[in-house]
Amino acid sequence: MADDGDRATSFLEVWRPGGVEVVLLSPPAVTVGRGEGNGVVLDHDGQVSSLHAVLQAYGPSWAIRDLGSTNGTIVGGERLIAERALRHGDVIHVGATRMVFRGSAGRAAPTTAPRRAPELTRREHDVLVALCRPLFSGAVFTEPATARDIAAALVVSEAAVKQHLLRLYDKFELDPASTRRRVELANAALERGAVTPGELT
């Protein structure tokens with residue numbers, strides 16, 4: 001019975017054009033796709049296949065696999081080539097839709113609520129919005145904006161943007177050794193509410 005309780009707390013945050021929807025995951029499996037019969041119906045996204053991916057329960061844990069979709073399934077920035085176990089906080093992209101997996105199994109520490117965003121200046125917030133905006137552009141395999149793109153959008157120098165990004169990496173406590181800090185910063189900003197979907201569409 002404990003397993004059922006754990007599974008009941010697993011859910012997806014589905015980022016739709018109108019906002020974020022929470023979808024509870026019910027064993028044994030939940031399909032994702034554009035078709036009406038799916039557990040997660042993404043009929044707003046033309047880049048999603050009718051039957052795109054499936055989330056499968058294994059005890060209290062969940063895994064995801066692509067079902068031969070046209071545009072693939074991305075987890076943590078990597079295209080799925082086989083079934084992959086999901087961890088709490090994993091970011092999933094199907095078509096142009098972003099989803100975040102929230103699960104209780106295998107937590108190393110309590111995750112009662114997402115950490116709050118750090119205090120930001122107005123310009124830091126502008127930089128984060130410009131950084132994250134490409135994620136909602138509808139393009140497949142989209143990366144966050146580059147420093148050059150952000151500079152052009154905000155009409156400031158690239159050097160100034162890089163300074164803001166360095167401060168933001170610091171404020172969000174990202175690993176200085178990581179080679180994907182822009183991606184991690186964009187995910188952290190969205191997860192912790194520093195940027196909302198409404199600001200990006």
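Gln-56 is buried, because its relative accessible area of 19% falls under the 20% cut-off. The model is predicted. Gln-56 belongs to strand β5. That strand is part of an open sheet of five strands.

**Around Gln-56**
- The side chain of Gln-56 makes a polar contact with the backbone oxygen of Pro-28, at 3.2 Å.
- Pro-28 is also among the residues that Gln-56 touches, once residues up to four places away in sequence are set aside.
- Ala-29 and Glu-83 are on that contact list too.
- The list also includes Ser-61, Trp-62, Ala-63 and Arg-65.

**The sheet**
- The strand order is β4-β3-β5-β6-β9, with mixed pairing.
- β4 (40–41) and β9 (84–85) are the edge strands. Each has a single partner strand, so one side of each has no neighbour in the sheet.
- In the strand order, β5 stands between β3 and β6.

**The β5–β6 pairing**
- β5 covers residues 53–58 and β6 covers residues 61–66.
- The two strands run antiparallel and are joined by six bridges.
- One of the bridge pairs links Ala-53 to Asp-66 in β6.

**Rings and charge**
- Aromatic pairs number zero in the structure.
- A charge does sit over a ring: the charged end of Arg-98 lies over Trp-15. The distance to the ring centre is 4.7 Å.

Conventions
Residues numbered from 1 in each chain as written. Predicted model: local features only at pLDDT ≥ 70, side-chain atom pairs only at ≥ 80, totals over all residues. Heavy atoms only, no water. Pairing = 2+ DSSP bridges. Helix = DSSP H or I, 4+ residues; strand = E, 2+ residues; numbered from the N terminus. Phe/Tyr/Trp six-rings, centres within 6.5 Å; stacked < 30°, edge-to-face > 60°. Lys NZ or Arg CZ within 6 Å of the ring centre and 35° of its normal. Buried < 20%, exposed > 50% of the residue type's maximum accessible area, 1.4 Å probe, protein only. Polar contact = N/O pair within 3.5 Å; in protein donor to acceptor, adjacent residues only side chain to side chain. Contact = heavy atoms within 4.5 Å.
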